[in-house]
Each structure stands twice: as C-alpha cells, then as structure tokens.
Amino acid sequence: MADSMEIKKKVLADFSEFINPMKVRTLKSAGIDFIEEKRSGACSWDITGKRFIDCQTGSGIMNVGRHNPEIVAALKEALDTYDIGVFLLCSRQKAELAKKLAEITPGSLKCSIFGTGGGEAVDAAIKIARGYSMKTEIIYTKNAYHGHTGFALSAIGRDSYKEPFEPLMPGFVMVPFGDASAIRSAVNKNTAAVILETIQGEGGINIPPDGYLAEVRKICDEKEVLLILDEIQTGFGRTGKMFACEHWDVVPDIMTVAKSLGGGIYPISATIFKEEIGDFFVPHPFVHLSTFGGSDLGCIVAMAAIDYIIKNNLAEHAEKMGQRFRAGFDRLLKEYPRLLLEVRQKGLMMGLQYTNESIGPRMTLKFAERGVLAVYTGNDPSICRLMPPLVITPQEVDEVLNVLEDSMKELSGEKGIGRND
Amino acid sequence: MATSEEILEALADYQVQCNNNARLRRMQRDWSRLLHFSAEDTGDWFTMNVINGEITFCKAGAEGTPDIIVTARSEDLCDMFWGDLNPSQKYLQGEIRVKANQEDVVRLDAITMIIWPDV
C-alpha cells in the first residue's frame with residue numbers, strides 16, 4: 001500500500017507537470033483522482049486498491065463492462081495475425097463490420113465509413129451532409145455535444161468549448177433542443193442537415209419529448225434536409241434498445257456511433273448512412289480518409305463487442321437494471337426533495353437533476369468517498385450523469401443506490417443545498 | 001476503325017443514357033466540364049459539354065478550351081460510348097489517355113460504373 005501510494009503521487013505529479021496541472025487539481029478536489037489499475041465488470045480499482053463502481057465509463061464507452069475478457073481475447077487473437085492494416089486498401093474486417101452495422105441499425109442505414117472517435121464520426125457526417133446535399137447550413141441544438149474536432153465543435157451548444165478557438169466553421173445555426181417548431185423556422189433553402197443527439201448526454205441527459213423526433217423527421221422530409229442522429233453515447237443497448245432512436249421509431253439519414261463500439265478496448269467510430277447518400281462517394285472515393293479509422297484490429301474488436309451485446313441481451317438487461325435504479329430514485333425523490341429535483345432516464349442512461357449547481361461537485365466527492373464514480377455533466381453541473389456498464393448486476397445497482405442515499409443523507413445536513421439557500 | 005458518324009451516333013446514345021440516369025444526374029450535379037475526344041488514328045475530334053451533370057451537347061470538332069482531353073483509337077472511343085469496353089482497363093493499358101486532373105479522371109470512371117455497372 002505504501003508503495004502504491006508513492007506510485008500514485010508520482011503519477012499525479014508527472015501528469016501535472018507534463019500533461020495538465022489544472023486537470024489534476026480539479027480531479028483531486030472532486031475526490032476522483034483515481035489512477036485506475038485493475039478493471040472488471042462494472043468496477044475498477046484505484047492503484048491503491050480502492051474499488052469503485054464505474055458509473056462514468058468515459059460517458060458510455062464500457063457497455064460490455066470493464067476489461068471484458070471476451071473482447072480482450074478477440075484482440076489478443078487478432079494480434080497473432082493482424083496489425084492496423086493499410087487504410088488505402090479494402091479490408092475483410094472493415095467489410096464485415098460495415099455489413100454488421102447495416103444489419104443492426106434501423107431502417108435503410110447501410111453504408112459506413114470509419115474513424116477513431118466520436119468527433120471524427122460527426123465531422124464525417126457533416127461533411128457527407130454538405131457534400132451530398134450541396135448545401136451548407138447545419139442546424140444544431142443548445143447544450144448539444146458532438147465532440148471537440150472541427151465540424152463537431154461548431155455544432156456544440158456550449159460557448160465555453162468554442163470561444164477560445166473562434167472563428168469556427170461558418171453556417172451553423174443553434175436552436176433549442178426539444179422544440180421542433182424552432183427547427184421548422186430555422187430551415188431554409190441552404191439547410192443541409194439537422195444534427196441531434198437522440199438523447200442529449202453532456203447537456204444533462206435531456207430526453208426529447210414524445211413526438212419531437214418524429215416531427216423533426218417529418219420536417220426534414222418535407223424540406224429535403226438530412227437528419228443526422230448522434231448515437232455515440234446512446235447506442236449499443238445503453239437506453240434499453242440497440243439504438244435510442246428505436247424508442248421513437250425514427251430513422252435518421254446519417255447516424256454516428258463510437259464509444260462502446262470499441263468495447264472499451266480499442267478506439268473506433270463509424271458514420272452510417274443510407275445508400276443513396278453514399279453516392280456522394282462514388283465520384284469522390286478518396287475525399288474522406290482516416291489513417292487509423294476502422295483499422296483491422298479495431299473492426300475485429302467492434303465485431304466482438306457487438307456480438308457480446310447481442311448474445312447477452314444487454315439492451316434488455318439495461319432496461320431491467322434501469323427499472324431497478326428507477327425504484328430507488330423514486331424513494332430518493334421523496335426523501336430528499338431539497339436535493340433532488342427530478343430523474344431523467346432511458347434504460348441505463350440516467351441523470352439526477354439536483355436543486356442547484358453546487359450540489360453536483362459536492363455529490364461527486366461524496367460518491368467517490370463511498371466507492372462510486374459518478375460525475376456531473378459538462379454542460380450542466382446540476383445534473384449527475386449515471387452511465388454504468390450494461391453488465392452491472394442487481395447487487396451492484398443496490399450498492400450504488402445505497403451510496404447515493406448515504407451521500408444525500410450526509411449532504412442534506414450541510415449548508416447551501418436547497419433551491420433558495 | 002470507326003467513322004466520325006459512328007462515333008457521333010455512339011455519343012448521342014451515351015448522352016441519352018447519362019441524361020436519363022437519375023442517380024447519375026444527382027451524383028454529378030456539381031460537375032461542369034468541357035471535354036474533347038481525339039481519335040488518334042483518324043484525326044477526328046469531338047466535343048462534349050457537361051453542365052451540372054447534364055450533357056448539353058456532343059458534336060464533331062474541337063470547340064472551346066477543354067478541361068479534359070481523352071485520346072484513343074476511334075474504335076475504342078466508339079466502343080467506350082456504347083458501353084462495350086471498360087475504359088479503366090484501357091486507361092491502365094495506356095490505350096486510352098486522359099489529360100485532366102486526377103479528380104476528373106475518377107469522375108469519368110465513376111460515370112462508367114453507374115451507367116454500365118457490368119462493364
């Protein structure tokens with residue numbers, strides 16, 4: 001233990017000196033300066049041996065669980081034969097993964113291009129939308145989060161992420177999330193696409209009102225505008241369906257996926273689109289390339305992750321565990337009305353709305369002390385995001401709920417927690 | 001060897017095929033080019049004008065300043081416009097030569113792939 005404490009201090013010092021001192025400071029003050037070592041199932045262990053249940057999961061990377069042995073085995077086996085591959089060439093692994101994605105995504109989504117992360121997938125989606133439509137405007141929503149790369153950053157609905165890097169891409173128009181009439185008003189002859197997260201994650205687990213996505217789909221059809229749905233956090237069983245848009249029977253023209261596509265093991269993302277949109281690439285076969293996107297190893301890992309999610313009915317399990325969480329949340333809502341305002345939830349995509357913004361960081365600290373990693377959302381610190389691995393067990397759900405209750409009990413005796421405090 | 005009339009007949013058919021292909025028209029709607037075709041064995045020249053993906057005319061003679069010049073034997077040009085030969089293959093064999101930027105060369109191949117997927 002003494003040795004591990006020393007190692008931890010050294011890691012934090014080096015991280016601070018050679019990467020980012022403010023990040024270390026912020027994580028320390030929130031009590032989440034964990035240095036992950038062992039990882040398994042829904043849990044991870046700090047280098048000092050402290051176990052925590054991971055309800056952050058890199059905002060949804062770990063749907064199949066931490067260090068899933070089946071995914072690890074698939075990668076190990078692949079490494080005996082393959083490497084990343086030459087991106088210029090066709091590859092069996094890419095073809096198989098693209099076919100699999102066409103099978104599991106809704107409607108007529110069929111063709112894929114690959115990247116290494118969500119931002120890259122969104123960049124590609126916007127490029128395809130502009131290239132295919134020959135129009136330039138992109139409508140995005142307030143509090144949206146699509147990644148930190150060029151086009152994706154321009155579609156983020158939070159100024160503080162964007163302002164240091166202005167001027168950004170022109171032609172991006174922001175509207176409120178959940179208001180289809182605002183989209184109708186914003187669409188014009190030069191609108192290429194509307195981009196939405198099916199459920200806003202970073203913005204505070206904002207679940208769209210019923211009818212919203214269907215209405216947006218209708219507007220897009222009427223005005224010949226493409227609909228891009230960002231399923232980067234919501235995809236692969238997270239919400240109780242394979243993709244969140246299936247809750248509302250809405251099929252986008254372009255869908256972006258990443259995070260759990262890589263099984264928590266290997267970075268990979270995909271932009272999936274309807275075949276007719278793929279015609280854009282016929283005269284431009286090399287117009288969008290990614291050296292590491294859809295590497296042979298990444299595709300093998302992604303296939304293993306998808307197979308694991310299907311074989312183990314993780315979407316269904318997410319729905320069941322979500323209901324178990326919900327019963328506990330309902331108790332907490334009754335017992336701690338000065339702390340907890342509402343619960344936003346679809347399956348295991350969950351957000352607790354606190355009564356004020358200062359509660360988020362304080363609760364993160366209390367959760368961490370009790371062995372749960374759960375952090376407030378980037379665009380709204382009054383929301384605690386809970387996105388545990390979908391393999392979480394009923395016992396672990398109860399453990400998290402107990403930690404929430406104990407933390408709330410302790411915080412309710414402290415100052416500055418009520419709506420009007 | 002193909003006569004100028006035979007090539008013009010093949011060009012006329014090619015124009016109809018391209019202009020009536022909705023997928024191709026949608027795909028090519030951002031593409032406007034003036035093309036010259038040179039039959040190296042007969043010395044005949046032909047001009048094709050494409051505006052926003054629509055072939056607006058094909059005629060004998062070299063008209064205007066071309067964006068693209070395609071040079072081949074007259075029979076190969078004729079066969080190409082009828083869809084009877086794979087121009088990519090001939091291009092790689094050096095029997096069809098294209099003076100254009102690389103993007104336009106890919107475009108020409110893409111057009112062939114859409115209207116004659118089996119060639």
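The legends below describe close-up views of a predicted model. Local features need pLDDT of at least 70 and side-chain atom pairs count only at pLDDT 80 or more, whereas totals for chains, interfaces and linings use all residues; side-chain values use heavy atoms, without hydrogens and water. Residues are numbered from 1 along each chain as its sequence is written, with chains lettered from A in the order in which they are written.

**View 1. Interface of chain A and chain B.** Nine residues of chain A are in contact with 12 residues of chain B (contact: heavy atoms within 4.5 Å). The two chains bury about 930 Å² between them, 58% of it from carbon and sulfur atoms (buried area: the accessible area, 1.4 Å probe, that two parts lose on being put together, summed over both). Asp279(A), Val282(A) and Pro283(A) supply 53% of the area that chain A buries against chain B, more than any other three residues.

**View 2. Salt bridge between Arg26(B) and Asp279(A).** The side chains of these two residues meet at 3.4 Å, N to O (salt bridge: a side-chain nitrogen of Lys or Arg within 4 Å of a carboxyl oxygen of Asp or Glu). Across the interface of chain A and chain B, two salt bridges are found by this rule.

View 3. Strands (E, at least two residues) and helices (H or I, at least four) are DSSP runs, numbered from the N terminus, and two strands pair if DSSP finds at least two bridges between them. Strand β8(A), residues 226–230, runs parallel to β9(A) and is joined to it by three bridges; Leu229(A) stands opposite Met255(A). Strand β10(A), residues 269–274, pairs with β9(A) in the antiparallel sense over four bridges, and Phe273(A) is the bridge partner of Ile254(A).

**View 4. Hairpin of β2 and β3 in chain B.** Strands β2(B), residues 44–51, and β3(B), residues 54–60, pair in the antiparallel sense over six bridges. Asn49(B) stands opposite Phe57(B) in β3(B). Two residues lie between the strands, and Asn52(B) in the turn has a positive phi of about 45°.

**View 5. Surroundings of Ser74(B).** Ser74(B) is in helix α3(B), residues 74–82, and counts as buried because its relative accessibility is 0%. A polar atom of its side chain lies 2.9 Å from the backbone nitrogen of Ala2(B). Leaving aside neighbours within four places in sequence, Ser74(B) is in contact with residues including Met1(B), Ile7(B), Ala39(B) and Thr42(B).

Terms used:
Buried < 20%, exposed > 50% of the residue type's maximum accessible area, 1.4 Å probe, protein only. Polar contact = N/O pair within 3.5 Å; in protein donor to acceptor, adjacent residues only side chain to side chain.
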